[in-house]
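Visitor: Could you walk me through this model step by step, giving the criteria behind each term as you go?

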Amino acid sequence: MKKFPFIKQLDSQDCSLACLKMISKYYGVLLSNSIFSDINLSKRGITISDLNHTAQELGFETLPVKLTYENALQNISLPSIFYWNQNHFLVVYKITKDKVYVADPAFGKTTYTKQEFLKGWTQDKEEGVILILNPTEKLYEKSVKNQKKSAKNIEYVIQYIKKHKTQFILIALTLLVSSCIELVFPFFTQKILDKGVALKQVNLIYLILIAQIVLFISKIGLEYYRSWLFIHISSRISLSIISDFLAKLMKLPLKFFNSKNTGDLIQRIQDHKRIEEFLSQDLIQTVFSLFSIIIYSFVLFYFNTTVFLIVLIGTTLELSWIFNFFKKIKILDQKTFSLQSTDQNKIYEIINSMQEIKLNNLEDYKRHEWGEIQSNIYLNNIEKLKVNQKYESYKFINFFQNILVVFTSSIAVMNQNMTIGTMLSIMYIIGGMNNPISQLITFFLRYHLVKISFERLNEIHNKNDEENISKVDSLNEISDISVQNVSFAYDDSNYILNNINLNIPSGKTTAIVGASGSGKTSLLKLILKFYKPQQGTIFLGNIPLEEVENTIWRQKCGVILQDSYIFSDTIAYNISLEENPDEEKLQIAISLSNISNFINSLPLKNNTIIGSEGIGISQGQKQRILIARAIYKDPDYLFFDEATNSLDAKNERIIVQNIDNFFKNKTMIVVAHRLSTVKNADQIVVLDNGVISEQGTHDELIMIRGKYFELIQNQLELGL
């Protein structure tokens, strides 16, 4: 069997895609990341049925099965994808009676005993889940040769070096001068002993010592100056890289953020720090370390050939020893990334859910969950320590090399083949070479690790931006919104909306009602262009909505969603979303949202900071601030998703009346359960399991006593 390729997952949830890439590569087909851009990953990855569907779309014949180990050994073709630990996918590419050979996209290729494998695969049951795959001609048509090639790992970061050419040239000059100064000292040492001491020339000794002091002070001055340059460059490169990364994130569609855990994205910021240090320090210092090693080697060769050969052999052995550990260190680094990402996510969850934890007495359980993660991190750190200790054993080679050099030099001095001055100069050179060699070794190690960071960042930078055809870049009229034959799903199998046909007239209020999960919010997000429907088209007048520039369309929309966000800033900013708000518009928005009394009770009034870093506010106060935000924007189209569900009846009545008056002749789409919010709408649309079951005014729908009547029946009995 030919060697099985390995492709690592870049995030905790894309193990399934990495498995497909590995198997495709095994069959000689290289798949680009763009092929997977339309797959709807969630933060927990995709299900086995979604993976099966995706594999078929790529061009595999698939068969999902549940088998025992013995049946799998006898009947399945390899490689196949196995479902692991109920939350992960990996590839099994070889099975024997007692051993299983696995390519785990999280950590690398490994071998399990039968007992170890069964524990992860079957979870103490008789059977486990397998997705069997066989390639078809369709797969070979998708080879990367026919696709746009991805950017190379390091290409996009070279631009950051080019921006600071002058500083890098200055650093290069200081390193060059420092290296030259360093190389002069062995000759000074030799002359002091062989000429000054041996011939008792005191003036020569004074002269050489003064020259050494001057050169040493110059070297220290250059190092101080270089340190300032390093700080200047590294800070600017770090700022540029992270700023560009955040800018790229903000261009990505919301679908991307539905598939990424917060911890994974935060860890990429740490990747930026690693890249910045590599570009601003390791790269340049290693070039001159290599330069120093070459020059030192020539000087050493000039002094004594035997000693030069000893150092050459010793250094070669050190590098050979170190290269053996790079693969293990790389795998452990991937594991560390995954564990730290999980740790970040768990910490965020604990902090953000503290109220629920206390209400349900979950303190011990959540602390135990976090403790399990820390235990895994500890075990991983122990494993890293073991590998590092073996890796750093190269220092013993260096130690024995130095002993051998001292012994050889001593014998040469006793045989009068070398002077004392030359011997001490050789010792000085050996000491001087240690730092450049260590720097070179560190560079090789960091380069292997930073390649992982490049790949993780490239995965983001090579993503397609939010689709925006932008054929229409201005909207001068308020038009009808027409939804025609639209179907939509967050994953590839379960449609949230099925063949929706709906006209939302301009200047009117349309209310959308339905049970939870019927697709109301999803429909709003499609109209807002957060997602693209799998089938059908949404029109704005006669213009396909996808042809309208995103920023232009959203500027025309005022939106309050269930998960709308309050920023950690002043009340004035949260309403206006402007640094210098229009005071008159601000007061109108505050008044119409009926939140004046709350704001006036605060010492700093509008300048009070709210959000995660400010004072706490209730859900009702949050909703009124969000309503004020929509009023301040004064848009042509309004989207309210349960915008008043946290308000008491009195506040709701006042605010709804204010909104109706203020936004008269504007297009409003209201998603709500409360009868008081929807009964005066010009049309009411009832969604049921992703389809429109009823449509009409409040009175018309009450008369037919259908789904709408069922939804609001209790409220009618209460007379609400």
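Visitor: Over how many bridges do strand 2 and strand 6 pair in the antiparallel sense?
Guide: The model is predicted, so local features need pLDDT of at least 70 and side-chain atom pairs count only at pLDDT 80 or more, while totals for chains, interfaces and linings use all residues. Residues are numbered from 1 along each chain as its sequence is written, and side-chain values use heavy atoms, with hydrogens and water left out. Strands here are DSSP runs of E with at least two residues, helices are runs of H or I with at least four, both numbered from the N terminus, and two strands pair if DSSP finds at least two bridges between them. Phe82 stands opposite Ile130 in strand 6, and strand 2 (residues 80-84) pairs with strand 6 (residues 128-135) in the antiparallel sense over three bridges.

Visitor: Which strands stand at the edges of the sheet?
Guide: The open sheet has six strands with antiparallel pairing, in the order 1-6-2-3-4-5. Each edge strand has a single partner strand, so one side of it is left without a neighbour in the sheet, and the strands in that position are strand 1 (60-67) and strand 5.

Visitor: Which residue of strand 5 is the bridge partner of Asp104?
Guide: Strand 4 (residues 99-104) and strand 5 (residues 108-113) pair in the antiparallel sense over six bridges, and a hairpin of three residues joins them. Within this pairing Ala103 has Lys109 as its bridge partner, whereas the partner of Asp104 is Gly108.

Visitor: At about what angle to strand 1 does helix 2 run?
Guide: Axes are lines fitted to C-alpha atoms, for helices over the stretch in contact (heavy atoms within 4.5 Å), and angles run from 0 to 180 degrees between N-to-C directions. Helix 1 (residues 15-26) lies across strands including strand 3, to which it runs at about 30°. Helix 2 (residues 48-58) lies across strand 1, strand 2, strand 3 and strand 6, and its angle to strand 1 is about 155°.

Visitor: Is Glu318 buried or exposed?
Guide: Glu318 belongs to helix 11 (residues 305-323) and, leaving aside neighbours within four places in sequence, is in contact with Tyr394, Ile397, Asn398, Gln401, Ile437 and Ile441. Buried means under 20% relative accessible area, exposed over 50%, and partly exposed in between, with a 1.4 Å probe and protein chains only. Because its relative accessibility is 2%, Glu318 counts as buried.

Visitor: How far apart are the end C-alpha atoms of helix 12?
Guide: The expected span of a helix is 1.5 Å times one less than its number of residues. For the 27 residues of helix 12 (residues 326-352) this should give 39 Å, which agrees with the separation of the end C-alpha atoms, 39 Å.
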